[in-house]
Amino acid sequence: QVQLVESGGGLVQAGGSLRLSCAASRSISSFVAMNWYRQAPGKQRDLVATITSGSRTNYADSVKGRFIISRDNAKNTVYLQMNSLKPEDTAVYYCHARLVGLREYNYWGQGTQVTVSS
């Protein structure tokens, strides 16, 4: 079993920045991809950013140019640097890890709240 623990959420004014962290209980180098999702009240959970085991990244159009996903394999941690935050970025942010072996495994963190005030 893999534990993912997010941290770094909070309340910030529009235009501000936050850095989210996702610490894994095991080496992240074996994961095919690690992702950040977000879910606003009453809405579905959406993919925000992805980083693969080869460190390729991909972003939702709504956050391109503002968010940066990165990984530190030595610390078993994935980060999401969020800049130029907007009120519409307000959501619970979830870390997700995908492991592929004999079958596919998907792991989720408990989420961290990000609130952007206007």
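Let me start with Cys22 and Cys95, which form a disulfide with their sulfur atoms 2.0 Å apart; the term stands for a pair of cysteine sulfur atoms within 2.5 Å. This is a predicted model, in which local features need pLDDT of at least 70 and side-chain atom pairs count only at pLDDT 80 or more, while totals for chains, interfaces and linings use all residues. Residues are numbered from 1 along each chain as its sequence is written, and side-chain values use heavy atoms, with hydrogens and water left out.

Back to the pair. The torsion about the S-S bond of Cys22 and Cys95 is about -80 degrees, so this disulfide is left-handed. Cys22 sits in strand E3 (residues 18-24) and Cys95 in strand E9 (residues 91-100), so distant parts of the chain, 73 residues apart, are linked. Strands here are DSSP runs of E, at least two residues, and helices are runs of H or I, at least four, numbered from the N terminus. Both Cys22 and Cys95 are buried, meaning under 20% relative accessible area with a 1.4 Å probe, protein chains only. A search of the whole structure finds one disulfide.

Now the chain as a whole. What does its secondary structure come to? Zero helices and 11 strands. Of the 118 residues, 43% count as buried. Residues 24 or more positions apart make up 54% of the contacts with a separation of 6 or more, a contact being heavy atoms within 4.5 Å.

Last, the extent: along its principal axes, the C-alpha trace spans about 45 × 25 × 25 Å.

Note on methods:
Buried means under 20% relative accessible area, exposed over 50%, partly exposed in between (1.4 Å probe, protein chains only).
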